[in-house]
Amino acid sequence: MEFTGERVIPGQTDPDLLNEHIARYRFAELLTGGRSVLDAGCGVGYGSEILAHNATQVYAIDLAFDAVADGARTYPDSGVRFVQGSCARLPFADASLDVVVAFEVIEHLEDWRDLLLEARRVLRRDGQLIVSTPNKRYYGETRAEPNPYHVHEFDYAEFRSELEAIFPHTTIFLENHTNAIAFTPENVQGLRTKVESGSPKPDEAHFFLAVCSALPQFGSPAFLFVPASGNVLRERELHIDKLEGELSQKTAWLEETKQDLARMSAINTEEQQKAQEAISRVEQEAAEKTTWAKKLDAELAELSTWAKKLQGEYDEALANYAKLEGVSEQRLADLKKAIEKIDELEKRVVERSDWAKSLDAQLEQTRAELEGLYGTRVYRIARRLGLRMSRK
C-alpha cells in the first residue's frame, strides 16, 4: 500500500513515527498474553502481528478492504484472522472476547460512541478495552491546519468522561516522546530503568492511552519502550541540517535579489536620458491623441444631431405610411367587393347566354318541324281548298 500521511505503513513511515505506534502495541502485549484479542482499526496489521506473539487468538478488523488484504498478504503465518468491517458495528458475539485494542481510530469515526458501546458488548465480564487518541490541545498547538482525516478529537477531560460513562474503571496513561539516554552493552543481559518522578501534565501530553474495564483493575506501572530502530537525536540533527540547507538556499536567493537591485540602480545617465526622451515622446503622442479624440467627440456630437433629425423624419414617414396603409386597405376592400359583383354579373351573363342558346335551338327545331309540315300532302290539299296557312 501507499503511505498517505495518516495510515502507518512499515517501510514507508519515518522510524520515530512508526515507533510511536509500535510502542502502543508493545504496551498492550503485556495485557494480552493467553487471551483472545480484537485489533479494531488494524490498518495493515503490523500491530496485530505483534499481539499474536502471546495471545491465543487475534482478530484484526478494518473498514478498508485494501488494508486488511495487505495485512493478510504480509503476515500469512501470524495466525491473525483479518476481517473487513466497521469498528462501530463489530461482527462478533456478545461477551466473546477478552481484550479489544483500538489505537488511533476513535478520532476518525462519526459514530465514535458506538465503538465504545460495541467494545463493551463483545468483551467478557472481566474484559479490557485499550484505546488511544491524540491530545486535542497538543495537536492544535503543533499543527498549522486541522488533520483532514480526524472527525472528533478529545482533550483529557472529555476523553476520561466519555470512557468512564461506559467503563467505570478507567486508567489513562500519558504517552510522550521523552529524552532518554541508553547505555547498551554488546550482549544485553536484562534491563534496569530509572524513571524520575514528577507531576503528570495531561494538557501537555502528546497522546492518551486508556485501559478500560467494567470491573476494578489492579496495578498501573509506567511503561518505557526503547525501540531498536530510531534515534531521536539523530533525527533532530537531520531535521536541523535540512532546515539549515533551506535557510542557506533562501539566503542565496536573497543575495541574488540584492545584486539584481544593485544592477538596476546602476543604470547610467545616458540610459536615463533615453528613458526620459521615450517618456517625452509618449507624452507628446498622448497629447496628440487627446486632441484627435476631442475632434472625434465634436464630429460624433454633429453626427448625433443629424441622426436625431433623421430619426424625426423617419418617424414622420412611418406615420404617413400607416395612414396610407389604412386607405389602401379600404380601397382593397372596395375593389374586392367590385370584383365579386363583376363575377356575379359574368355568371348571370353566362346563364342568360346559355338560355338564349337554348331558345335558338328550340326555334330551329320548330322551323324544321314547319318545313316538314309544308311539304306534306295535307298542306297541299289545304291550299287547293283555299285555306290560308302561314309559314310564319
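Trainee: In which sense do strand 1 and strand 2 pair?

Mentor: They pair in the parallel sense, over five bridges. DSSP must find at least two bridges before two strands count as paired. Five bridges meet that cut-off, so strand 1 and strand 2 are a pair. One example is Val37, whose bridge partner in strand 2 is Val58.

Trainee: What kind of model is this?

Mentor: This is a predicted model, in which local features need pLDDT of at least 70 and side-chain atom pairs need pLDDT 80 or more, while totals for chains, interfaces and linings use all residues. Residues are numbered from 1 along each chain as its sequence is written, and side-chain values use heavy atoms, with hydrogens and water left out.

Trainee: How many helices and strands does the chain have?

Mentor: Nine helices and seven strands.

Trainee: What makes strand 1 largely enclosed?

Mentor: Five of its five residues, 36-40, are buried, so the rest of the structure largely encloses strand 1. Buried means under 20% relative accessible area, exposed means over 50%, and partly exposed lies in between (1.4 Å probe, protein chains only).

Trainee: Which residues point which way from strand 1?

Mentor: Ser36, Leu38 and Ala40 point one way, Val37 and Asp39 the other, and all are buried. In a regular strand, side chains alternate between the two faces of the sheet.

Trainee: What is the strand order of the open sheet?

Mentor: The order is 3-2-1-4-5-7-6, with mixed pairing.

Trainee: What makes strand 3 and strand 6 edge strands?

Mentor: Strand 3 (81-84) and strand 6 (169-175) each pair on one side only. Neighbouring strands of the sheet are turned by 15 degrees against each other on average, direction ignored. Helix 3 (residues 65-74) packs on the sheet, touching strand 2 (57-62) and strand 3. The direction of helix 3 makes about 165 degrees with that of strand 3. Axes are lines fitted to C-alpha atoms, for helices over the stretch in contact, and angles between N-to-C directions run from 0 to 180 degrees.

Trainee: How do you know that strand 4 and strand 5 pair?

Mentor: Six bridges join strand 4 (residues 97-103) to strand 5 (residues 123-134), and the two run parallel. Leu97 has Leu123 as its bridge partner in strand 5.

Trainee: Why is His21 called buried?

Mentor: His21 has a relative accessible area of 14%, which is under 20%, so it counts as buried. His21 lies in helix 1 (residues 15-29). Leaving aside neighbours within four places in sequence, His21 is in contact (heavy atoms within 4.5 Å) with Val8, Tyr46 and Glu104.

Trainee: Why is Trp306 called exposed?

Mentor: Its relative accessible area is 54%, over the 50% mark, so Trp306 is exposed. Trp306 is found in helix 8 (residues 269-374). With Leu303 and Leu310, Trp306 forms a nonpolar surface patch of about 340 Å² accessible area together. Such areas come from the Shrake-Rupley method with a 1.4 Å probe. Nonpolar patch members have over 30% relative accessible area and no salt bridge, and their side chains are joined within 5 Å.

Trainee: What makes Arg73 and Asp70 a salt bridge?

Mentor: Their closest N and O atoms are 3.6 Å apart. The definition asks for a side-chain nitrogen of Lys or Arg within 4 Å of a carboxyl oxygen of Asp or Glu, so the pair qualifies. Arg73 and Asp70 are three residues apart in helix 3, and therefore about one helical turn apart. Arg73 is exposed at 58%, whereas Asp70 is buried at 15%.

Trainee: How far apart are the closest N and O atoms of Arg113 and Glu162?

Mentor: They are 3.1 Å apart, and the two residues form a salt bridge. The pair links distant parts of the chain: Arg113 is in helix 4 (residues 112-122), Glu162 in helix 6 (residues 156-166), 49 residues apart. Arg113 is partly exposed at 45%, and Glu162 is buried at 17%.

Trainee: How many salt bridges does the structure hold?

Mentor: The structure holds 13. Glu20, Arg24, Glu104 and Glu175 are linked in a network of them.

How values were computed:
Helix = DSSP H or I, 4+ residues; strand = E, 2+ residues; numbered from the N terminus. Patch = residues over 30% accessible without salt bridge, like charges linked within 9 Å, V, L, I, M, F, W, Y side chains within 5 Å.
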